[in-house]
Amino acid sequence: MNERLRAAFLRQGKACAMLGSPFMGRLMPLLADRVRPDNAVARRLLDWPGDVSSNGHSVPLRLAGALHGLVLEGSDPGLAAVYPPAEVGDDALWSAVEAAMLRHEARLMAWLDQAPQTNEVRRAAALIPAIWWALARHDLPVTLSELGASAGLNLSLDRFALRVGDGLHGPADSPVQLAPDWSGAGPAPRPIRVAERAGVDRNPLDPSDPAAQLRLLAYLWPDQPHRLTLTRGAIALADTVPERDDAAPWLARRLANPRPGTLHVVYNTIAWQYFPPETQAAATAALEDAGRRATADAPLAHVAMEADGDAEGAALILRLWPDPEGGGTPHLLARVDFHGRWIAWRL
């Protein structure tokens, strides 16, 4: 096998296993060991130009999502028979995958054209307490603006229920019940009253579109049914389709006019790293310019849950304008698992 592709499959397998997917931790190295140029799909994988890793084109996840999509839509019973919850040996699993590559060549080729795209609903478990922290300083209705929103599922975070310790906060009957492992004191829970919500993405998905729903579910991992349940629940609650645009000009337009009587919360979760440098710079400038114009009646917060090089998950950082500690001061609120499985509150 192409050594770049083999290394990418092996690294992806380790990452998936660390994030709680033993099946993906097994499937990825199996593909690394057994893919040969015996069919058109395999040859495309082996001849892929450029960076095939998760830092580039994410080729292993493209293939994994395409295969899982076949299972979810019921178009390949043979493949479904070896996917979770079934337990089969490596030979049976590989045989079914190889047969699917032959039977569904056109379908898999079309999916390989698409970069993986998900909405990790469990990341809202970090966003909600971050908003509580800001509301303790500016107790107002909230305007939500999400950068890199995908299908905008986390724009419904006020409709989710979050369990912290023995307390359940938010609608008790919500189909999205979040229960991260929590450490640290955390902010006092507060009602989140959303006055307006909007998002932006370079390739937004419409959560009401069955094809987009399949795409969102297919890139989740087959042995994590809880994630599938949460995502289906969030799809049922979604009512906002993100706009198609670059994040920076969209944000500049959103921030051009203050919204008196609301706390404007701009947020992004594991998205900033994928913005081009010029988008990052322009978005930062737009936030800081709007921050200088923020008032107690029209405050602004930026919540970012992003990788920062620390081995302990992602950093949850909030900047607030105006802020008694200095407008725009970065507050490290917590360390957070990349999929929102645990939150270690720091403030």
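Student: At what angle do helix 9 and helix 10 pack?
Tutor: Quick caveat: this is a predicted model, where local features need pLDDT of at least 70, side-chain atom pairs count only at pLDDT 80 or more, and totals for chains, interfaces and linings use all residues. Residues are numbered from 1 along each chain as its sequence is written, and side-chain values use heavy atoms, leaving out hydrogens and water. Helix 9 (residues 210–218) and helix 10 (residues 225–237) pack at about 150°, axes 10 Å apart. Axes are lines fitted to C-alpha atoms, for helices over the stretch in contact, with angles from 0 to 180 degrees between N-to-C directions. Helices are DSSP runs (H or I, at least four residues) and strands too (E, at least two), numbered from the N terminus.

Student: Roughly parallel or antiparallel, then?
Tutor: Helix 9 and helix 10 are roughly antiparallel, a label for angles over 145 degrees.

Student: Which residues make the contact?
Tutor: Helix 9 uses Gln213, Leu216 and Leu217, and helix 10 uses Leu228, Thr231, Arg232 and Ile235; contact means heavy atoms within 4.5 Å.

Student: Switching topic: which element gives the most to the lining of the second largest pocket?
Tutor: Strand 10, with four residues. Helix 12 (277–293), strand 9 (300–306) and strand 10 (314–321) each supply at least two.

Student: And which lining residues are closest to the centre of that pocket?
Tutor: Of the 13 lining the second largest pocket, Trp272, His302, Ala304, Glu306 and Ile317. On a 1 Å grid over the protein atoms alone, a pocket is an open set of points where a 1.4 Å probe fits, with protein on both sides within 12 Å along at least five of seven lines, and lining residues have an atom within 4 Å of a point.

Notes
Angles under 35 degrees count as roughly parallel, over 145 as roughly antiparallel, 65 to 115 as roughly perpendicular and the rest as oblique.
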